[in-house]
Amino acid sequence: MANFKVRGIAAVVVYALLFKVSIFSGEGSVRITGAAPAKYVALTFDDGPHEGYTHRLLEILKKYDARATFFVVGKQVSKFPAYLRDIHRHGHEIANHTYTHPNLTKLSDDAVLRELDYTRYLVNRLTGQECVHFRPPGGRVWKTPGVCPT
């Protein structure tokens, strides 16, 4: 296996273990356990809440009685806390997409933890809901795509 420098991944793994969250990566895969009752599609939206799109998305989802996961950016949550409460009130899952949407591979472990923890804190403070899932911005967690350090 090629040697590569990993910054921030240890923090992501520790965070996932401490807060019992799953990690969705553009380069990774999602492990689903148990039998699904039927075929389904997971709807996810990243980078919000957004002034121009969040309410329109909520209206469309309500029209079709659909649920989604919103991977929120803490900085956007700070700007639009009412939109986050609306997402929660409509019964959608809220998940962590960091505070400033950085490239995590360029951050120190402490910086990664701050990104995740502050967004987790904001979501919990505004909705009472814990963020169970985390998606790294751009799917960037490891320096070498497809290579997961053990």
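## Contacts and overall layout

A contact means that heavy atoms lie within 4.5 Å. In this predicted model, residues 24 or more positions apart account for 77% of the contacts in the chain with a separation of 6 or more. Local features need pLDDT of at least 70 and side-chain atom pairs count only at pLDDT 80 or more, while totals for chains, interfaces and linings use all residues. Residues are numbered from 1 along each chain as its sequence is written, and side-chain values use heavy atoms, with hydrogens and water left out.

The chain has five helices and five strands. Helices (H or I, at least four residues) and strands (E, at least two) are DSSP runs, numbered from the N terminus. Along the sequence their pattern is α-β-β-α-β-α-α-β-α-β.

## Surface and burial

The chain has 150 residues, and 39% of them count as buried. Buried means under 20% relative accessible area, exposed means over 50%, and partly exposed is in between (1.4 Å probe, protein chains only). The chain exposes about 9,200 Å², an area that comes from the Shrake-Rupley method with a 1.4 Å probe.

## Salt bridges

Side chains of opposite charge can pair when their charged atoms come close. A salt bridge is counted when a side-chain nitrogen of Lys or Arg is within 4 Å of a carboxyl oxygen of Asp or Glu. By this rule there are four salt bridges.

One of them joins Asp-46 and Arg-135, with 2.6 Å from N to O. This pair links distant parts of the chain: Asp-46 is in strand 2 (residues 44–48), and Arg-135, 89 residues apart from it, is in the segment after strand 5 (133–134). Asp-46 is partly exposed, with a relative accessible area of 34%, whereas Arg-135 is buried at 17%. Another salt bridge is formed by Asp-86 and Arg-89, whose closest N and O atoms are 2.5 Å apart. Both residues belong to helix 4 (residues 81–89); they are three residues apart and therefore separated by about one helical turn. Asp-86 is buried at 13% relative accessibility, but Arg-89 is exposed at 59%.

Arg-120 and Glu-130 also meet in a salt bridge (3.6 Å, N to O). Arg-120 lies in helix 5 (residues 109–127), and Glu-130 lies 10 residues apart from it in the loop between helix 5 and strand 5. Arg-120 counts as buried at 16% relative accessibility, and Glu-130 as partly exposed at 40%. Together with Asp-117, these two residues are linked in a network of salt bridges.

## Aromatic rings

A pair of aromatic rings is described by the distance of the centres and the angle of the planes. Rings of Phe, Tyr and Trp (its six-membered ring) pair if their centres lie within 6.5 Å; planes under 30 degrees apart count as stacked, over 60 as edge-to-face and the rest as tilted. The count comes to four aromatic pairs. Phe-45 and Phe-70 form a tilted pair, 5.3 Å centre to centre with 35 degrees between the planes. Phe-45 is in strand 2 and Phe-70 in strand 3 (residues 69–72), 25 residues apart. Phe-45 is partly exposed at 24% relative accessibility, and Phe-70 is buried at 5%. The rings of Phe-80 and Tyr-83 are stacked, because their planes are at 10 degrees and their centres 5.2 Å apart.

Tyr-99, Tyr-118 and Tyr-121 form one aromatic cluster. Arg-135 lies over the face of Phe-71, at 4.0 Å from the ring centre. A charge sits over a ring if NZ of Lys or CZ of Arg is within 6 Å of the ring centre and within 35 degrees of the ring normal.
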